[in-house]
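Grab a pencil and open the viewer. Below are some exercises, each with a worked solution to check yourself against.

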Amino acid sequence: MYATLRLPGEAWDELPEVEVGPFDSAPGDVEVLIVANQAVDPDRFPSLRLIANYGVGFDRIDVDACRARGVTVTNTPGVLDAATADLALGLMLATRRRIVEGDDLVRAGRWGTAWSEGPFLGHEVSGARLGIVGLGRIGAAVAQRARGFEMEVLFYRRTRSEDAGYRELDDLLREADIVSLHTPLTPETTGLISRERLALLRDGATLVNTARGAVVDEDALVDELVSGRIAAGLDVFVHEPHVPEALRGLPNVVLTPHIASATVETRAAMTRIVVDNVGAFLRGEPLVTPVG
Ligand code: 8YV
């Protein structure tokens with residue numbers, strides 16, 4: 001058994017012998033691999049039977065190729081919905097209420113000048129119209145929180161709905177004050193928020209992405225943000241840990257380093273699922289959360 005990282009939380013200690021090291025050093029005869037959304041070429045590991053992915057998203061793992069070689073993939077659904085939804089709300093608040101800019105101002109000793117005037121006025125989160133793209137577990141957790149902020153919730157998902165809040169994607173982008181992305185990254189969602197669709201956002205709208213960077217045309221997003229027409233709270237990027245240089249100096253963007261699931265509690269719960277899947281595999285029992 002080989003893991004590309006030692007996972008946090010008590011459950012880890014239940015694993016029988018596991019070697020931890022960089023992905024490139026994984027031995028070719030390994031039967032169980034624990035990874036965090038890393039591309040695994042099943043041809044390189046002829047004995048491989050299980051890839052236990054530390055994360056709900058497994059977009060870098062070719063599940064079909066794995067299945068064809070008798071390799072099962074598991075992920076960690078459910079336990080990170082609350083933490084991810086919390087961060088999405090945090091980014092909405094931080095971006096619209098200009099929390100990071102305010103923090104910078106205070107730290108720089110510039111508080112005291114014209115504090116009630118334009119430059120530091122933000123936009124409401126409470127009562128705003130929120131458009132949720134992807135209404136799975138995480139999107140639903142965001143909707144639940146949004147109701148506490150008395151937001152009007154619109155949503156788009158693959159399967160149409162008769163619900164009054166359902167909108168076609170373009171209509172949702174046109175109508176919402178805040179758009180929050182919660183789709184997995186698939187061939188269908190890659191570039192879903194294209195340049196043309198970004199242009200549909202209202203002036204002053206806020207885009208929040210805690211899903212995957214590549215769901216959005218990142219170059220087009222940078223252009224929109226540099227123009228200052230919209231604002232964004234971004235936890236994910238196309239080529240992490242690279243963040244487009246142009247974003248770093250912008251006041252209308254809040255940037256976080258892919259931390260949506262990064263709480264002690266959630267990460268421990270994710271480890272629990274990984275370890276339970278590995279345990280089930282070793283005992284020859286049905287896996288807890290197989291993918292596909
Ligand atoms: C993790 C995630 O940070 O679950 C996911 O899909 O993106 C995050 O929870 C990532 O999987 C790396 O562990």
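**Exercise 1.** Find which loop holds N37, then work out what its phi is and whether N37 is buried, partly exposed or exposed.

*Solution.* Start with the place: N37 sits in the loop between β3 and β4. Strands here are DSSP runs of E with at least two residues, helices are runs of H or I with at least four, and both are numbered from the N terminus. Before going on, keep in mind that this is a predicted model: local features need pLDDT of at least 70, side-chain atom pairs count only at pLDDT 80 or more, and totals for chains, interfaces and linings use all residues. Residue numbers start from 1 along each chain as its sequence is written.

Next, the backbone: N37 is not a glycine, yet its phi is positive, about 50°. Most residues other than glycine have a negative phi, and most peptide bonds are trans.

The scale is simple: 20 or more other C-beta atoms within 10 Å of a residue's own make it buried, 12 or fewer make it exposed, and anything in between is partly exposed, with C-beta atoms placed from the backbone.

**Exercise 2.** List the residues that surround the ligand and sort them by class.

*Solution.* N37 turns up again here, along with A36, Y54, G55, V56, G57, L80, H258 and S261. A residue makes this list if its C-beta atom, placed from the backbone, lies within 6 Å of the molecule. Now sort the shell: four are nonpolar, five are polar and no residue is charged. For the sorting, Ala, Val, Leu, Ile, Met, Phe, Trp, Tyr, Cys and Pro count as nonpolar, Asp, Glu, Lys and Arg as charged, and the others, Gly among them, as polar.

**Exercise 3.** In what order do the strands of the five-stranded open sheet run, and which are the edge strands?

*Solution.* Read across the sheet and you get β2-β1-β3-β4-β5, with parallel pairing. The edges are β2 (19–20) and β5 (72–74), each pairing on one side only. Two strands count as paired if DSSP finds at least two bridges between them.

Now walk through the pairs:

- β1 and β2 are joined in parallel by two bridges, and Y2 has E19 in β2 as its bridge partner.
- β1 (residues 2–3) also runs parallel to β3, again with two bridges; A3 is opposite I34.
- β3 and β4 (residues 50–53) run parallel with four bridges, and V35 partners N53.

Finish with the faces of β3 (residues 32–35): V32 and I34 point one way, L33 and V35 the other, and all are buried. In a regular strand, side chains alternate between the two faces of the sheet.

**Exercise 4.** Where do P241 and E150 sit, and what marks the backbone at each?

*Solution.* P241 first: look in the loop between β10 and α8 (245–248). The peptide bond from E240 to P241 is cis, with omega near 5°.

Then E150, in the loop between α4 (137–148) and β7 (152–156). Its phi is positive, near 55°, though E150 is a residue other than glycine. E150 is exposed because 11 other C-beta atoms lie within 10 Å.
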